[in-house]
Amino acid sequence: MKAQIVRKVLHAVVLACLLCPMSALAENAYVGTAACKECHEEQYDNFTKYAKKAHSDRSIKIMASDLSEAELAQCYGCHTTGYGKPGGFVSYEKTPHVADAGCEVCHGPGQEHVESGGDTELIKGKLTMEDCQGCHNESRVKAFNFKPLLYGGAH
Ligand code: HEC
Ligand code: HEC
Ligand code: HEC
Ligand code: HEC
């Protein structure tokens, strides 16, 4: 069962292009979901309670022993926040606050928004399906037979 999932996942990864839609706002940095809590308590509570994204690191950890470093690096692109980008995921030890797929995988890096005390010009508010497709891409939708709706999986 586990091996089967690994194969399914790897297949989807190979087919997937790893363009995650997080490159807007170049200088801005990722800060992690906990940094949003004090001002957006409702979204925070809903997200951490109900969204699988809030635990997406677990999906990687349970399979990590079967995967090479190179394979793991591919997983991080979708299952963590901001992998390879300023402030984003580096490793579970160094950056535990961005180890899951948090608020910022959809809303983009939040540092400037947080530091400004909540300037709405500095965070992505309106989203489209394009903001999902970097991770929920065509081959993955086929492999898992699951296509998200824009308002699902958030809060
Ligand atoms: C292109 C983005 C992407 C990559 C790369 C990726 N995943 Fe995922 N993964 C997802 C998404 C999105 C889901 C949610 C299910 C879906 O819609 O496909 C998911 C779901 C899962 C699940 C849950 C499956 C289930 O049936 O509940 C596991 C486990 C998982 N991924 C492990 C991995 C591992 C291990 C890697 C690296 C080898 C990896 N993923 C790479 C995007 C990705
Ligand atoms: C799966 C993608 C996704 C994630 C993850 C996500 N959001 Fe959202 N968020 C959305 C969508 C979609 C909207 C509605 C945007 C629109 O109206 O076009 C939204 C709207 C919002 C709004 C505007 C008010 C509202 O509720 O409509 C706030 C504030 C917000 N999100 C904060 C957060 C915070 C804080 C987190 C993490 C705890 C988070 N979001 C995680 C997708 C996401
Ligand atoms: C210091 C308080 C503060 C923090 C911290 C904060 N926000 Fe906000 N945020 C606000 C305020 C104020 C607004 C405007 C009123 C509202 O929509 O709640 C806002 C609005 C938003 C919106 C809607 C933007 C729009 O176009 O309408 C999103 C999305 C959002 N925040 C996401 C986040 C995320 C993600 C984080 C964590 C990285 C975060 N916020 C952290 C104060 C904050
Ligand atoms: C950075 C990659 C990434 C982006 C961008 C992304 N997702 Fe996801 N999403 C994931 C991963 C990874 C999972 C699976 C988490 C797991 O089970 O390990 C997931 C799971 C989901 C689920 C499963 C149900 C649940 O409870 O979480 C829904 C629905 C979903 N995402 C909707 C969306 C929507 C809508 C958007 C765009 C607004 C979006 N996602 C953007 C990575 C992403």
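What you have open is a predicted model, where local features need pLDDT of at least 70, side-chain atom pairs count only at pLDDT 80 or more, and totals for chains, interfaces and linings use all residues. Residues are numbered from 1 along each chain as its sequence is written, while chains are lettered from A and ligands numbered from 1 in the order in which they are written.

**Colour by confidence**

pLDDT is the predictor's confidence in each residue, from 0 to 100. The chain averages 86, and 81% of the residues score at least 70. Now select residues 13-25: pLDDT there is below 50, though the stretch has 23 contacts in the model beyond near neighbours in sequence.

**Switch to cartoon**

You'll see eight helices and zero strands.

**Select the core**

Of the 155 residues, 27% count as buried. Here, buried means 20 or more other C-beta atoms within 10 Å of the residue's own, exposed means 12 or fewer, and partly exposed is in between, with C-beta atoms placed from the backbone. The largest nonpolar core has 17 residues, and Tyr76, Cys78, Phe89, Val98 and Cys103 have the most contacts inside it. The elements giving two or more residues to this core are α4 and α5. Such a core is a set of buried Ala, Val, Leu, Ile, Met, Phe, Trp, Tyr and Cys residues joined through C-beta atoms within 7 Å. In soluble globular proteins, nonpolar side chains tend to be buried together.

Stay on α4 and pick out Cys75, Tyr76, Cys78 and His79, which are buried. The buried residues of this helix pack against α3.

**Hop to Tyr83**

Tyr83 sits in the loop between α4 and α5. Is Tyr83 buried or exposed? Tyr83 counts as buried because it has 22 C-beta neighbours inside 10 Å. Leaving aside neighbours within four places in sequence, Tyr83 is in contact with Tyr76, Gly77, Gly88 and Phe89. Draw a distance from Tyr83 to Val98, C-alpha to C-alpha: 8.7 Å, for residues 15 apart along the chain.

**Centre on ligand 2**

There are 19 residues around ligand 2, and Cys36, Phe47, Cys103, Cys106 and Ala154 come nearest (near means a C-beta atom, placed from the backbone, within 6 Å of the molecule or strand). Which helix gives the most to this shell? That is α5, with four residues. The shell divides into ten nonpolar, seven polar and two charged residues. Nonpolar covers Ala, Val, Leu, Ile, Met, Phe, Trp, Tyr, Cys and Pro, charged covers Asp, Glu, Lys and Arg, and the others, Gly among them, are polar.

**Move on to ligand 4**

Of the 22 residues around ligand 4, Ser59, Cys132, Cys135, Pro148 and Gly153 come nearest. Highlight α3 (56-61), α4 (69-79), α5 and α7 (130-133), each of which supplies at least two residues of the shell. By class, the shell has twelve nonpolar, seven polar and three charged residues.

Last stop: Gln133, in helix α7. Gln133 is partly exposed, with 17 other C-beta atoms within 10 Å. Gln133 and Pro148 are 15 residues apart in sequence and 9.4 Å apart in space, C-alpha to C-alpha.

Note on methods: Two residues are in contact if their C-beta atoms, placed from the backbone, lie within 7 Å.
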